[in-house]
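Me: Please take a close look at the backbone of this model, one loop to begin with. Then connect what you find there to its surroundings.

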Amino acid sequence: MPFSISLTVNGQSNSIALDDPRVTLLDLLRERLHLTGTKKGCDRGQCGACTVLLDGRRINACLTLAASLDGSTVTTIEGLADGTELHPVQAAFIACDGLQCGYCTPGQIMSAVGLLSEGHAGNDPERVRELMSGNICRCGAYQGITQAVLEAGHALSAKNDAQPAGVPEDGRNAA
Amino acid sequence: MSPEPSSLQRTPSEPKAAISRYGSNAGQPLTRRDGILKVTGRATYAADNHPEGMVFAVTAVSRIARGRVRSMNIEAARAHPGVIEVLTSANRPPLFHDPDEKMPPFGFRVEVLQDDGVRYANQPIALVIAETLEAATEGAALLDPQYDVEPARVGLDTGLRFDPPGVGVGGAPMTAFGDIEAGFSKAAITMEADYETPPQYHNAMEPHAVVAEWDGDHVVLDMPNQALALSCATYAAFFGIPVENVTIRSPFLGGGFGSKAIINGPQILAILAARMLKRPVKLALTRAQMYGPVGHRGQTWQRLRMGMESDGQLTALHHRSISATSAFDDFLEPAANASLPLYASPAILVEHEGLRLDTGTPGPMRAPGEASGSAALEVAIDEAAEACGMDPLEFRLKNYAETEPGTNKPFSSKALRTCYAEGAARFGWSRRPLSAGQMRDDDGLLVGWGMGTAVFHCPHFPAEARATLRADGTALVETGAADMGQGAWTALAQIAAEALGLDIDEVEFHSGLSTLPDAGIAGGSGHTASAGLALNQAGGDAIAQLSDLAVNDPASPLFGAGNIGVTARGGRLHRRDDEDRSESYAEILARAGRSDIVGTAKSARDPDVASTHALYSHGAVFAEVKIDPDLGQIRTTRLIGAFAAGRVINPRLVQSQYFGGMIWGLSFALHEEAVTDKRTGRIMNADLAEYHVPVNADVPPLEAILVPEDDAIVNPIGVKGVGEIGITGTVGAIANAVWHATGKRVRKFPIRIEDVLSA
């Protein structure tokens, strides 16, 4: 029995006709909206590859039923760069080689964006390691990931100091 | 069919990295060329494809480990809205190759519904195809299979032992040098101990997936694949079509670690369903379904015996492994072979026995044989040093192999002494107390230091490449390589650019596609050397042709220089004896009226090199652990590796490979184990919460020292391999550090809290 939800994805509001109540946010993004940057690694909230921001908060898209999201706002990896300008977290992941195969990378980056905007990490690598531990990287790019989150944190603070309104409270940077 | 980018050439609309490129070309720490695609979510993995009219396939898998499927409720599945078809052994369309017939060179038997038998838990027993993923998943759940169950053979006591004809991929099951018993009778000191390593699963973050689309008797497969040409040939045989009718697109693999080099049943079934239904089909395994049909690292039970003179000199080294495989196919961890290349014992005996269990067939998993074997060997060496009252590094140096043990072949290069020295110095090894249980930190935690030697062989696969110099002086370079995270998109392009004398941004690099020249297998840490040599030679061929044009053209400033007298650099050919006399590629081509020059190469290892030299990468790993004396919690707090692996094409990516390997070693030592229920033969922790792999907080600050090593022998580009060596040495280093902290010698991996708490 089709029904529709209203969902803002990467700054664009959509009315989405859901063909099935069993659809998760992850499968909605990947198989229906064709936003395939968000990855499925385990489909049960254990690996973090599907991390997106829901109303500014980090969530596992695989554990979230799309039907429950009427009126919500979702930011995915595709909505992070500002036009041709990478988000500081994205740039830091490249600079610090915080990725290898790249499959967990969108989830890692969305987690990092979330935790930086929540102000949890500070400048403490141990805190970053702990807070990023919901995202598994089987290639073992953790050292680069930790370094990238710290560097992006610095870059974001500098940016915020320079132009206080530059980055929204929830870390979303989508137009 | 949607076109798939096989090139990473940027278009103007793409986001730019907010960082400048650091360096270029071979030897420089260039950032990943695919970095922007990967951080923006635009890198396309197999399951990201969605051709028009695509439907979804889900496998139903066996809940028993041995027996047969008596019945399934096919009607319930078919009746579920959206379900299109249910394939079982009763209605599966024919294949053109017997799935129980092994196809050389790396063929495995596969389970593709050839009968109603069950050979292991999680074996596919049906394939449900539906309009949506949700409907296919529900349809598979409705099948409610009933079984005739036979007892599962699990573990050493119930499995069938056998003498294997070979181990690993075509390796000898037994190798002996010298007189082993004479060695032992000569020994003043001996050690003997048994070690166990568990079944481990690759668990690449990207589950195995395929999107298959047929057009008549041509098929295009989007799938993560470590061996494009080999896989095309295998699929062609299964589907009875010419090999050129199979196209595999694999621009990015979400990790492979060996598991995506081997053909597996679920992917074949999905391709078959697409042909049958005349619609594109997508199949992605669930995480749980990856614990069965897509390979794993087989369990081992190893025994090591060593004899030493009183000064620590080895007189005999005996390494025996019982390696588990499935009930129906053979892949045995060549674990004992780890004892062949490293320590200078006058007598070495390595041997293997097979054990059949009701499990999916094991396969190569990152450092197959080397990882399991090194884990046992490096602990045994520590025990031998302890028995001799020697420092473990001193013991290793005492038994340093100047030539390959047994064969006496010289090493093409071996900077292991430097690895030991630099790693030890960086770690502060000289301050290590000899006996165990001597160190505590300020919080009262037990502190231990351990080390291990790392070693990995250097395979070389035949490979082909094409390099086209274009009229504008830029180049197109093509080879069907596989980037599973090691950085092929970047490192191979660096090699190509160097061979062509161009900046890397002048080189358009096409890869990850089976219609390109065959780049060989991405495995055995040999991909950069193998595909790289082909690219080097194809580039050299193009430059040689260009030189011919220039030096034979009276209008060229290079006229008469002769090939030998010209170098390619910065897009220009220069006279070697007069660097100021030069001409650009574009000018040479234009005057010759050529739109391009195509260089090609088919490269392989010079057979003389392998017969006259021993070819290995080496390293040394040093670990510190801290253990809570009351809780037994083990933390690795420092991990330092020093590795020598020939020429480094990109130090940034090589460091990441070493880190990844070291983390796999840490995982082997302290985390990973698939636990099988002895009653049912099912794996009880087939998910990423209970099958433990390290998360960020498990990993200490890492250091990898890149020890310079020139090797003009191993291959013309001097490249060895870096992908797997980091695991070896690390497992032992951590286990030995646990002993050093506690005095408890744990010989079963992974080392757990209860192992260090128990008396």
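Reply: A367(B) sits in the loop between β16 (348-357) and α7 (370-388) of chain B. Helices (H or I, at least four residues) and strands (E, at least two) are DSSP runs, numbered from the N terminus. The model is predicted: local features need pLDDT of at least 70, side-chain atom pairs need 80 or more, totals for chains, interfaces and linings use all residues, and side-chain values rest on heavy atoms, without hydrogens or water. Residues are numbered from 1 along each chain as its sequence is written, with chains lettered from A and ligands numbered from 1 in the order in which they are written.

Phi of A367(B) is near 65 degrees, a positive value in a residue other than glycine. Most residues other than glycine have a negative phi, and most peptide bonds are trans. A367(B) is buried, at 0% relative accessible area. Buried means under 20%, exposed over 50%, partly exposed in between (1.4 Å probe, protein chains only).

D97(A) also has a positive phi, near 50 degrees. Its loop runs between α2 (88-95) and α3 (105-117) of chain A. D97(A) is buried, with a relative accessible area of 4%. Its side chain meets that of R32(B) in a salt bridge, 2.6 Å from N to O. The rule asks for a side-chain nitrogen of Lys or Arg within 4 Å of a carboxyl oxygen of Asp or Glu. Across the interface of chain B and chain A it finds 7 such bridges.

That interface also holds 32 residue pairs in polar contact, both residues at pLDDT 80 or more. A polar contact pairs N or O atoms within 3.5 Å; within protein, one must be able to donate a hydrogen and the other to accept it, and residues adjacent in sequence count only if both atoms are side-chain atoms.

Buried area is the accessible area (1.4 Å probe) lost when two parts are put together, summed over both. V39(B), M205(B) and N696(B) supply 17% of what chain B buries against chain A, more than any other three residues. The contact takes 68 residues from chain B and 51 from chain A. Contact means heavy atoms within 4.5 Å.

Back to the backbone. The peptide bond from F749(B) to P750(B) is cis, with omega near -5 degrees. P750(B) lies in the loop between α15 (730-742) and α16 (753-757) of chain B.

Another proline, P716(B), is in the loop between β28 (702-706) and α15 of chain B. P716(B) counts as exposed, at 65% relative accessibility. Not counting residues up to four places away in sequence, P716(B) touches L533(B) and Q537(B). The C-alpha atoms of P716(B) and N536(B) are 8.9 Å apart, though 180 residues separate them along the chain.

In the largest nonpolar core, of 191 residues, F93(A), M306(B) and L469(B) touch the most other members. Helix α11 (527-551) of chain B gives this core its largest share, 11 residues. A nonpolar core is a set of buried Ala, Val, Leu, Ile, Met, Phe, Trp, Tyr and Cys residues joined through side-chain atoms within 4.5 Å.
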